[in-house]
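Have the viewer open as you read.

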Amino acid sequence: MILIKNGTVIDPENNLEQLAEVLIKDGKIVKIAQEILEEDIQKWNSGCDADCEVIDASGCIVAPGLVDVHVHFRDPGFTYKEDIETGARAALKGGFTSVVLMANTKPPVDNADTLTYVIEKGKATDLKVYTCATVTKGMAGEELTDMDTLLAKGAVGFTDDGIPIMDAELMERAMTKAASLRVPISLHEENSRLISNNGINRGRASEYYGIGGSPREAEISLIQRDLELALKTGAILNIQHISTREGVELVRQAKRRATAVGMDNIHAEATPHHFSLTEEAVIQYGTLAKMNPPLREEADRQAIIEGLRDGTIDIIATDHAPHSKAEKDKPLTEAPSGIIGLETALALGITNLVDKGYLSISQLIERMSANPARMYGLPAGTMSEGSAADIVIFDAGAEQTIHSFVSKSSNSPFMGQTLKGIVKYTIVGGKKIKS
């Protein structure tokens with residue numbers, strides 16, 4: 001049994017924001033009240049004795065555990081970058097209690113055996129680990145996987161993240177199937193036929209390095225195509241890691257069209273790096289700021305923030321993408337794209353969204369917890385009495401300078417930066433993990 005005292009409980013799902021105490025027993029939240037009396041504790045545990053641990057959350061926020069629906073743990077196949085165990089530790093340090101893994105492993109999660117391996121290895125950690133399966137076999141974009149079987153075996157959605165699906169007819173069939181199964185299909189929207197060098201915006205950054213780069217049209221064209229297909233099929237569509245102002249506006253208009261016909265199937269996610277940085281970071285940090293889709297212009301960053309503010313972008317997801325130092329030390333055009341994000345996401349949200357007045361702390365939590373959990377139908381994102389005790393306790397006003405990571409990789413342009421927001425405890429199923 002755990003009693004959390006003196007914290008501000010914020011639960012957007014239940015419209016709760018107040019000083020309150022939280023009582024946890026047998027992995028569940030049993031009571032939330034302004035004051036939990038001794039008689040309440042006796043009711044559940046015959047007295048607050050050695051079996052009742054008290055956590056003093058003075059000056060802290062007590063919120064539903066964060067949920068990241070876009071994570072790469074590189075397991076199986078690339079465990080020198082990260083594995084499920086080290087990725088879980090990084091997630092817990094960042095305040096995440098549930099994650100959804102992407103399927104671009106080696107072999108990819110396009111079959112029951114690999115899917116089972118990932119799920120079972122996830123169960124051995126303190127984190128709640130879910131995974132998508134691929135949309136197409138081998139992520140080749142040619143033949144759909146057996147989505148019925150993979151869903152029955154435990155997949156929570158489908159994605160070929162990392163490789164866009166270029167065949168529009170195949171994409172429509174995939175969405176039609178996903179719609180019938182009522183599970184999300186999450187898409188990496190970059191038309192590779194338009195890209196000379198991925199990971200770098202075609203603009204000031206590409207000119208600085210003297211390369212072709214990735215034009216904004218590569219993202220815009222596929223977002224436009226797939227929003228139309230989602231509106232046609234009714235599929236639950238998640239536009240991943242949006243990077244362009246035009247893409248944000250396309251999602252905004254598609255959501256309005258969906259609402260007009262009684263649908264709520266269009267979703268979009270933004271990463272902390274896309275709402276925090278621009279292509280100038282690539283000039284400053286080189287490969288540590290190379291990612292797909294690339295960091296773009298200040299106007300794009302502001303459009304993403306406005307999308308988060310008005311709900312057009314309803315999810316913040318990290319796209320946690322570990323790479324080894326040797327890989328990131330390669331020349332810019334040869335190094336892989338991606339940065340890690342689990343340990344800095346909450347602090348970046350507080351520093352660059354909440355402290356600057358774009359979002360309230362409740363809105364930030366909603367986009368990092370309730371909304372992603374709701375899209376995937378996960379038992380998370382809420383502090384309702386009777387729900388799993390998946391909780392993050394953090395000090396939103398405390399500062400930290402990023403010196404190291406518990407992730408196996410450290411590919412991040414935020415190393416050395418001072419950010420606001422420190423996770424004190426992550427609690428998963430009633431088990432306390434101190435950060």
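The second largest pocket has 14 lining residues, and those nearest its centre are Asp-264, Asn-265, Ile-266, His-267 and Asp-314. Helix H8 (245-260), strand S12 (266-270) and helix H14 (361-376) each give two or more residues to that lining; helices (H or I, at least four residues) and strands (E, at least two) are DSSP runs, numbered from the N terminus. A pocket here is an open set of points on a 1 Å grid over the protein atoms alone where a 1.4 Å probe fits, with protein on both sides within 12 Å along at least five of seven lines, and lining residues have an atom within 4 Å of a point. This is a predicted model, where local features need pLDDT of at least 70 and side-chain atom pairs count only at pLDDT 80 or more, while totals for chains, interfaces and linings use all residues. Residues are numbered from 1 along each chain as its sequence is written, and side-chain values use heavy atoms, with hydrogens and water left out.

Now follow S12. On one side sit Ile-266, Ala-268 and Ala-270, on the other His-267 and Glu-269, and all are buried (under 20% relative accessible area, 1.4 Å probe, protein chains only).

What about its neighbours? Strand S11 (residues 237-239) pairs with S12 in the parallel sense over 3 bridges (pairing takes at least two DSSP bridges), and Ile-239 has Ala-268 as its bridge partner in S12. S12 also pairs in the parallel sense with strand S13 (residues 315-316), over 2 bridges; there, Ala-270 is partnered by Ile-316 of S13.

Key
Buried means under 20% relative accessible area, exposed over 50%, partly exposed in between (1.4 Å probe, protein chains only).
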